[in-house]
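Below is a briefing on one protein chain, arranged by topic. Please read it with the model open.

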Amino acid sequence: MKNNFSYLILFLCAVNFLFVACAKQQKHTIKKTATVNEVVKNLKISADRTGLYLSKLKGKNAAIVANQTSVLSILQRAEVAPNVMGSKLVQHHLVDYLHTYNNINIKKVFAPEHGFRGKADAGETVVDGIDKKTQLPIISLYGKNKKPSSEQLKNIDVVVFDIQDVGARFYTYISSLHYVMEACAEQGIEVILLDRPNPNGHYIDGSVLETAHKSFVGMHPVPVVYGMTIGEYGQMINGEKWLKNGIQCDLTVIPLENYTHSTQYNLPIKPSPNLPNDKSINLYPSLCFFEGTNVSVGRGTEKQFQIVGSPLFSLKNDFSFTPNPNFGSKYPKHKNKACFGYNLTENEHLNALNLNWLLTFYKDYSSFKNAQGYPYKESFFNAFFTKLAGTEKLQQQIKQGFTEEEIKATWKNDLDNFKVIRAKYLIYK
């Protein structure tokens, strides 16, 4: 009996030891997971903060500027297990949520480049139409009509703008924002901007646009990477009086919760057909310069803005790709031709613009001559390059053999001046 009791005590001690060990391990695992997901868990996008804007829309005729990224997650009653009801986060498109669940009187939807559902190629004209799901009229803001007309805004009381930006000057959603704000200012209509994180908001870099080179891929005197959310950027457009004739818009920015410019944010939905993942978004500000050259950035492949190459690249290394028409690029550069270059899918996360890839390709082109004996470098750049750069100086510096460090040194004064302006409109640290 005594021996049995001793065995029982030893057994219970062993069980207790295992329980404590497992508990410690579980506690450590939970803590580790919480650390990994801390930013995502605490960050709340503005669209999710419905209590800050729904009341502003009740009883008003509204228009929405939106695309496929305009989604929100709402905690609502739902089946969490077979025959078990509970609450879970349910994702809705903003237009569907306002129109179907809240009876907001939406009169129309304005669609930017790539369209309302995000299916149009870069540069492809977006046409007017009817949304199949809601039967709402869709008005294109990409093509001939980039600015809502007074007729299109007739009887509209408020415009809601909710589009995911990527923080590069030549990404056209901020140009659409400019024209929406300008049109609404002219008609005395309020704009409510639902802010979203900037995945490239952690740095500021690039040449500042010169007004002589203003276009839809660059409308304001800001650097290529400006380090602001689209809400902060809207406040800057207003405050600096960049709208026509210096008018100002009745703008309300619904802020993000628990966000800083150093917050890492992974986009849940690709912002356009040729930015398929976080790597492409991080590389985009550096690689988009190639759109103004004879080098492919991977359009017509599944690794858009993650690979660069050209049929003429002399370093015929192990990496090559062949562009073919696909979703997002019906007519890719160097269609059906093998392009040699670099695979950047494993490149480290950028905290500054990288110009060395551009300089390498230009130098390589300089060594080739065509059938007439002229250097291929003369056909390296096209007219689009200056629009992307926002200045003629960058192309001149590359042709003159400037290094990346020498080029960036010429940007410093303009960047310092911009940072002073930027500081006036920041909502987040």
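The side chains of D162 and R196 are joined by a polar contact of 2.7 Å (a polar contact is a pair of N or O atoms within 3.5 Å; within protein, one must be able to donate a hydrogen and the other to accept it, and residues adjacent in sequence count only if both atoms are side-chain atoms). This is a predicted model, in which local features need pLDDT of at least 70 and side-chain atom pairs count only at pLDDT 80 or more, while totals for chains, interfaces and linings use all residues. Residues are numbered from 1 along each chain as its sequence is written, and side-chain values use heavy atoms, with hydrogens and water left out.

- D162 belongs to strand 7, residues 158-162 (helices, H or I of at least four residues, and strands, E of at least two, are DSSP runs numbered from the N terminus).
- D162 is buried, at a relative accessible area of 0% (buried means under 20%, exposed over 50%, partly exposed in between, with a 1.4 Å probe and protein chains only).
- Not counting residues up to four places away in sequence, D162 touches A47, V65, A66, N67, S70, V71, L94, L194 and R196 (contact means heavy atoms within 4.5 Å).
- L94 is also one of the buried residues of helix 3 (residues 94-101), together with V95, D96, Y97 and L98.
- After helix 3 comes N103, with a positive phi near 55°.

**The cavity**

- The count is 1 cavity of 30 Å³ or more (on a 1 Å grid over the protein atoms alone, a cavity is a set of points where a 1.4 Å probe fits but cannot get out; lining residues have an atom within 4 Å of a point).
- The largest cavity holds about 40 Å³ of space (grid points are joined across faces, edges and corners, and a volume is the space filled by probe spheres set on the points).
- Its lining consists of T69, V71, Q164, R196, Y265, L267, P268 and I269.
- By class, 5 lining residues are nonpolar, 2 polar and 1 charged (Ala, Val, Leu, Ile, Met, Phe, Trp, Tyr, Cys and Pro count as nonpolar, Asp, Glu, Lys and Arg as charged, and the others, Gly among them, as polar).

**Helix 6**

- Helix 6 spans residues 278-287 and is mostly covered, with 9 of its 10 residues buried.
- Those buried are K279, S280, I281, N282, L283, Y284, P285, S286 and L287.
- Their cover includes strand 10 (307-310) and helix 7 (356-365).
- N277 caps the N-terminal end of helix 6, where a side-chain oxygen lies 3.3 Å from the backbone nitrogen of K279.

- A389 sits in helix 8, residues 384-389, and is buried, with a relative accessible area of 0%.
- Beyond its neighbours within four places in sequence, A389 is in contact with R169, S207, F289 and L394.
- A389 and S207 are 182 residues apart in sequence but 6.7 Å apart in space, C-alpha to C-alpha.
- F327 is in the loop between strand 11 (320-321) and strand 12 (339-343), and is partly exposed at 45% relative accessible area.
- F327 and P273 are 7.3 Å apart, C-alpha to C-alpha, and 54 residues apart in sequence.

**The whole chain**

- The chain has 11 helices and 12 strands.
- Of its 429 residues, 52% count as buried.
- Among contacts with a separation of 6 or more, 70% are between residues 24 or more positions apart.

Notes:
On a 1 Å grid over the protein atoms alone, a cavity is a set of points where a 1.4 Å probe fits but cannot get out, and a pocket is an open set with protein on both sides within 12 Å along at least five of seven lines; lining residues have an atom within 4 Å of a point.
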